[in-house]
Amino acid sequence: MAVTGSGATLWHALGMGPLWRERAAAPSPARSGMQATAQLDWDGLEQAVAACTACVLCRTRTQTVFGVGSRNATWMFIGEAPGAEEDARGEPFVGQAGRLLDNMLAAAGLGRECTGEKAVYIANVLKCRPPGNRNPEAAEVAACAPFLQRQIELLQPRIIVVMGRFATQALLVTDASIASLRGRVHEISIGARRYPVVVTYHPAYLLRNLADKSKSWDDMCLARACYARLVPTPADTPFSASSGTTPP
Ligand code: URA
């Protein structure tokens, strides 16, 4: 299947594309940014994000929105981009959609303030707000991709939940719909590690489509079942999970 659009851009910026394509490509700003970013620890990464001027969004943001939650969390939730309230407060998912997300997390026994196995880390594909909440551009995704990659590498979550069409298509490198991707566990590779990925609706979508809330709960249950099935592995080895996209 041909990979197109912002998903393809993220994939290649993360260095996850086929090798022959990577070797043929001229080094891009996003790619060289990734090499520098790959060395950073959490604090260095947060500073690099705060200082980033790699795309036009730096001109209109109030501040960058790095991520929130425990840096030891085993759960990672990924959304699209900051909205107006996130841009004002510097924290992801603090508006109405964020309150719904917090309620859903609490129902699953998780939370951004929690520790241990209840702890989550929440980040977005983009660290700056697109003006007027427009859709992210491919160039913006490519510029930001090294930051999300490094967040995943530093966190090494046991499971990733992607929320909404944009984050899903970017992380899974697909143009497929959320409806067709829900209900099974996907997998992405970053560096030597593989990560299970569960797809669900964006909380902002659920606010407009209440009937799909129960499907979102099903997704959370799928993620919990997958999480329970996985055994933590030593820090420098890929976790052992069944390959491909499988039900728990
Ligand atoms: N929507 C997102 O995708 N992320 C946020 O942080 C807020 C709203």
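View 1. A polar side-chain atom of Asn-124 sits 2.8 Å from a nitrogen atom of the ligand. The protein covers 91% of the 230 Å² of accessible area that the ligand has on its own (Shrake-Rupley method, 1.4 Å probe). This is a predicted model: local features need pLDDT of at least 70, side-chain atom pairs count only at pLDDT 80 or more, and totals for chains, interfaces and linings use all residues. Residues are numbered from 1 along each chain as its sequence is written, and side-chain values use heavy atoms, with hydrogens and water left out.

**View 2. Phe-93 and His-202 at ligand oxygen.** A polar backbone atom of Phe-93 is 2.9 Å from an oxygen atom of the ligand. In the side chain of His-202, an N or O atom lies 2.8 Å from a ligand oxygen atom.

**View 3. The shell around the ligand.** Which residues are around the ligand? They are Gly-79, Glu-80, Ala-81, Glu-86, Pro-92, Phe-93, Asn-124 and His-202 (a heavy atom within 4 Å). Three are nonpolar, three polar and two charged.

**View 4. Helices H4 and H7.** The axes of H4 (residues 42–51) and H7 (residues 138–155) come within 11 Å and cross at roughly 165°. H4 is therefore roughly antiparallel to H7 (angles over 145 degrees). Their crossing is left-handed (near helix turned anticlockwise from the far one by less than a right angle).

**View 5. Helices H6 and H11.** The axes of H6 (residues 96–107) and H11 (residues 213–229) come within 11 Å and cross at roughly 50°. H6 and H11 are therefore oblique to each other. H6 passes H11 in a right-handed crossing.

Terms used. Polar contact = N/O pair within 3.5 Å; in protein donor to acceptor, adjacent residues only side chain to side chain. Nonpolar A, V, L, I, M, F, W, Y, C, P; charged D, E, K, R; others polar. Axes fitted to C-alpha atoms, helices over the stretch in contact; angles between N-to-C directions. Helix = DSSP H or I, 4+ residues; strand = E, 2+ residues; numbered from the N terminus. Parallel < 35°, antiparallel > 145°, perpendicular 65-115°, else oblique.
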